Amino acid sequence: MSHTLNSDQISEKIKGLTIPITLARTAQEHGDEPAYSDKADGRSEWRTLTWSEVREQALDVAAALIELGLQPGQTGAIMASSRIEHVLSDLAILHAGGIPMSIYPTLAPTQVAQVAETAKPAVLFVEGSEQLARWSEGLKVSDPKVIFFKESDGSPTFAELQARGAELRQDRAKQAELQARINAIKPTDSLTVLFTSGTTGPPKGVQLTHENIMFEIESSLDHAGLRDTTGISLSYLPMAHIAERVLGMYVPQTVSGHVHFVSDPTLLVGALGEVRPNRFFGVPRVWEKIRTGLSAMLAADPDEEKKAAVQAAMDIGIEYVESKQTGHTTSPELEAKYQAVHEAVLGPIKSLLGLDRVEWAVSASAPMPLEVARFFAGLGFKIYDVYGMTETTAAVCSGGPSDFKMGTVGRAMDGVEIKLGEDGEILTRSKLNTPGYMGNAEATAALIDEDGWLHTGDIGELDDEGYLKIVDRKKEMIILSSGKNIAPSNIENYLKESPIIGHAMVVGDDRNYVAALLTLDIEILNALAPKLGLEDTNPSALATNPVVAGMVKQAVEAANEKVSRPEQVKAYEILPVEWTAESEELTPTLKLKRRVITKAYAEQIDRLYQ
């Protein structure tokens, strides 16, 4: 693929830019427009700040942080849900010359202590006592000034800090000191440090500069088709996640937009109906949950004629979206058929989901299962799959209006090089690559080689047109005792095509066949309970229910039909539990913690091979 802009051209366009500069411009040009909304602390109505208010309140807190003693280059930590104060604290630390870092609120106290030991935060913003408790070990190795969003143990609150800062900014000398801190920020300075969730060892702090972020934004806006639209979006993942940080903070702060924070991901479906966003980012598991919920609802409809009409409409939707892929054309006849079924059938279904205004839909964090993408294609959605990682400042490869091919993550973005290593590992080189891990030169050297290629740890396939397909994580590939290499995520996605299977983890390393641990989707089974005659919908009861067991058996057999003989699941166990974002088995972005699961369920796994 020939890029629209090369690396030097992008660098020229973003020359000298930092987030404080772009935020000031956004506040000047879009000052009265809504910026951030939330329902934090149990509010029933959305509270909203405009772009002018966001910048002014952030500057107030920044002035107070300087008085508290925050020095340029020091880090400031934030552990809280997604809410307005989270963004304001981040911006305040930044404008005071510090380096803000959001910390996953699911990290264990020992992991928090490792973060504190590495970063030595000078200030710490926490939502309340629950978050502060996770810093019990961390406070022993660092001594930050603690600020509470809600209740306080005698420490200052966010509101008190903001009020004090507003007073300080009335003093010309204090205002000049703040402005000097802002003016001293350079594009090559660290904009943030994001610590990994620590699922494969101690958390590592990924340093990202203003230049990294500005390059990401400039490279992706045209590629994604977002240059000339103002986004109305939902933010529901932790702010320690790079995709949420880019889409929920840095892109809007650069080009404006209206972000609605959902502090609890379980409230996402309701928020979709209220906000009706025109941009929606979902990790694959979120798309899967929406699909299974809708599928269960459609399956429960007793009107067979209506169900047939919906399926016929979705068949046209799939044909239409497939015709929108790069290199394909949409005939006038197909366009007319699609518009007709969209108005009559597909549009009302989208409205029911709160997705009727979505113009840009994207999936990231893990490969989107093709069947899930095809399901939403049936509703007329082109879901652009995106590939990247924290160490590459989010996306390096993505789908978009001119780079859309289902089953792939699109092509390399402007200014980005992608190639495969001898073992199929995806390597990338660009100005999106992190300068390195904070205080960990050894890990940085293992990440980026002498020629500047970042080793992602993912296995991929590149076709002749430059479209990239993700196979699996290099470290997660299963090697059977026969020597056969197995990509577990592919099999797991086929298993999860059954709406009643919540999560699936395939095992088999050094074993002679593939087996699987399965959890049930209790929400779906509750909805289907009357139709299936299920009286007890407790997870432990469902795991041993013969009707459910029969449905799971069918799901495993259906998955096995789609894979080669060595990849077929020969044994499985239905677990009497759910794996959720709050449990130890999943990351904050709902991916499997394979090492944790393997250790926790060692007995069950051994049983599968007896």
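Biologist: Why is D41 called partly exposed?

Modeller: D41 has a relative accessible area of 44%, and buried means under 20%, exposed over 50% and partly exposed in between, with a 1.4 Å probe and protein chains only as cover; D41 is therefore partly exposed. This is a predicted model, in which local features need pLDDT of at least 70 and side-chain atom pairs count only at pLDDT 80 or more, while totals for chains, interfaces and linings use all residues. Residues are numbered from 1 along each chain as its sequence is written, and side-chain values use heavy atoms, with hydrogens and water left out.

Biologist: Where is D41 found, and what is its phi?

Modeller: D41 is found in the loop between β1 (34-38) and β2 (47-50), where strands are DSSP runs of E with at least two residues and helices are runs of H or I with at least four, numbered from the N terminus. Its phi is positive, about 60°, although D41 is not a glycine. Most residues other than glycine have a negative phi.

Biologist: Why is A394 called buried, and what is its phi?

Modeller: A394 has a relative accessible area of 10%, and is therefore buried. A394 belongs to strand β14 (residues 394-398), and its phi is positive, about 80°, although A394 is not a glycine.

Biologist: What makes G248 count as buried, and with which residues is G248 in contact?

Modeller: G248 counts as buried because its relative accessibility is 2%. G248 lies in helix α10 (residues 242-255) and, leaving aside neighbours within four places in sequence, is in contact with Y36, A243 and V259.

Biologist: Which residues touch the most other members of the largest nonpolar core?

Modeller: A nonpolar core is a set of buried Ala, Val, Leu, Ile, Met, Phe, Trp, Tyr and Cys residues joined through side-chain atoms within 4.5 Å. In the largest one, of 127 residues, Y36, L65, F125, F280, F376 and L379 touch the most other members. Helix α3 (residues 51-68) gives this core its largest share, ten residues. A second, separate core has 30 residues, including L480, V506, L528 and V556. As for F280, its contacts beyond four places in sequence include L234, Y236, W287 and W360.

Biologist: What makes helix α17 mostly covered?

Modeller: Six of the eight residues of helix α17 (residues 488-495) are buried, namely P488, S489, I491, E492, N493 and L495.

Biologist: How do you know whether the radius of gyration of the chain agrees with that of a compact globule?

Modeller: The radius of gyration is taken over C-alpha atoms, and the globule rule is 2.2 Å times the number of residues to the power 0.38. With 610 residues, the rule gives a value near 25 Å, and the chain has 25 Å, so the two agree. Buried residues make up 56% of the 610 residues.

Methods:
Contact means heavy atoms within 4.5 Å.
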